[in-house]
Amino acid sequence: MKCELISVGTEILLGDILNTDVQYLSREMAALGIDVMYTEVVGDNRDRLTETLRRALSRSDIVILSGGLGPTKDDLTKEVCCETMGVPLREDARALTWIEEYFRRRGTPMAEINRKQALVPAGGTVFYNSRGTAPGCAIEKDGKCVILLPGPPRELNPMFEEGVRPFLAEKYASGAIVSRSVRTFGIGESAMATRVSDLLDRANPTVAPYAKSGEALLRVTAKADTQQQAAQMCDDVVEEIRSRLGALVYGVDTPGLEHTAVELLKKSGKKLGLAESCTAGMIAKRITEVPGASEVFECGIVSYSNEVKMKLLGVSAQTLAEQGAVCADVARQMAKGALKVSGADIAVSVTGIAGPDPSEGGKPAGLSYLALTDGENTFVRRVTTGHAGPGSREYNRYVSSSNALDMVRLYLQGELNQIGNL
């Protein structure tokens, strides 16, 4: 089965919102063994939407459209789809009752234009909206299936899980596709690919390298008759990758380094303190975005100025005068000060040049020093990103924060001595 995804909304084309629907739907379709061959974005324009839908129907068996199911005049998805497929619209009593109840629960009157949202394709399958006012639907005609979903993820995701997934699984699923993301840190995409070069030639499972901000990952994808078979095929390759890359692999299917760090802190029963200069709280932000971080995170100190480094963290005025704020000794002293102030089991510090310009002392943008201490041992890592000029500041700060989280990870795994001091 060939599938196509169409995202409807001028706001997506203008960059006003991030289109996460395609990412979500692509993964869901892969899990059903349905191949997504094309994705498109089209604005709220009748002619262009009609043209896009006709092209999709000419080359795909299943077309899923998200967005454009609202009550206003520029919400045209249902009308265009029904016109294109020659299917009339009718009012659905259950949908209308739900919409009326939706507004009644909120204590606001329903505008007459919202009645439009209760119109559904005659003879189609309706997916009722448990989170909003717009129902979704499926139109099946001439061997094609068109599915219409609301655009907001808070409505689309539950509707897919509650209604669309069972519908597709019963009628259109063919086998299963499973993907695993092997995430690494401390190795570039090219070097990583070289170590697993023979695996990249596989047809099933496939292995593909990707680069992200300061890290690299390998996507392993298998297709089989069942989910269990595809998962086992992936797992076998993932284990082979782990054996080759060792401690460079920080997780499989994990959202990011912060999740791995928090998980390891919980398992070890240790708590973390931070002292941040150039990252200005970014490490703390990433950690506290992980549920349960309060169990393992004591405090974060943003010591941007030299005065704060000295007063709060006990950094030596002589070291600052002789070496500047961006050096290994300052990083060490910041980490030790953070450990003392926080009372944590381990503390991590970072000091660096975020950019986009070099420091007055000539130190380049993207240079940072990080330190981790447990009171007895202190480890230092020197990082140079090589990124300067416009747009580099956020990248440099993010990579520095990732290196800090990686040091926590390696320390808790007992591997910081091996590859942690760079």
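This note walks through a predicted model of one protein chain, from its overall build down to single residues.

1. **Overall build.** The protein chain has 422 residues, and 50% of them count as buried. There are 15 helices and 17 strands. Along the principal axes, the C-alpha trace spans about 80 × 55 × 40 Å.

2. **Contacts along the chain.** Take the contacts between residues at least 6 apart in sequence. Of these, 67% join residues at least 24 apart.

3. **Surface and charge.** The protein chain exposes about 19,200 Å². Carbon and sulfur atoms supply 48% of that area. The side chains include 48 positive and 53 negative ones. The centres of these two sets lie 2 Å apart.

4. **Helix α9.** This helix covers residues 257-268. Does its length agree with what its residue count predicts, or disagree? Twelve residues at 1.5 Å a residue should span 16 Å, and the end C-alpha atoms are 16 Å apart, so the two agree. After α9 comes Gly269, which has a positive phi near 70°.

5. **What α9 packs against.** Buried residues in α9 are Leu257, Glu258, Thr260, Ala261, Val262, Leu264 and Leu265. An α-helix has 3.6 residues a turn, so residues three or four places apart point the same way. The partners of the buried α9 residues include the strands β11 (215-224), β12 (249-252), β13 (272-276) and β15 (346-352). The helices α10 (282-288) and α14 (392-412) also pack against them.

6. **The largest nonpolar core.** This core has 35 residues. Leu272, Leu274, Ile287, Leu372 and Val408 have the most contacts inside it. At least two residues each come from α9, β13, α10, β15, β16 (367-373), β17 (378-384) and α14. Helix α14 gives the most, with eight residues. In soluble globular proteins, nonpolar side chains tend to be buried together.

7. Which residues does Leu274 contact, leaving aside neighbours within four places in sequence? They are Ile283, Ala284, Ile287, Phe297, Cys299, Gly300, Ile301, Ala338 and Val348.

8. **Ala138.** This residue lies in strand β7 (residues 136-141). Is Ala138 buried or exposed? Its relative accessible area is 1%, and buried means under 20%, so Ala138 is buried. Not counting residues up to four places away in sequence, Ala138 touches Gly124, Thr125, Phe127, Val146, Ile147 and Phe167. Arg180 is 42 residues from Ala138 along the chain, and their C-alpha atoms are separated by 30 Å.

Notes
Residues are numbered from 1 along each chain as its sequence is written. Side-chain values use heavy atoms; hydrogens and water are left out. Helices (H or I, at least four residues) and strands (E, at least two) are DSSP runs, numbered from the N terminus. Buried means under 20% relative accessible area, exposed over 50%, partly exposed in between (1.4 Å probe, protein chains only). Contact means heavy atoms within 4.5 Å. Accessible areas come from the Shrake-Rupley method with a 1.4 Å probe; for residues, only the protein chains shown count as cover. Lys and Arg count as positive and Asp and Glu as negative; His and the chain ends are not counted. The place of a charge is taken as NZ of Lys, CZ of Arg, CG of Asp or CD of Glu. The expected span of a helix is 1.5 Å times one less than its number of residues. A nonpolar core is a set of buried Ala, Val, Leu, Ile, Met, Phe, Trp, Tyr and Cys residues joined through side-chain atoms within 4.5 Å.
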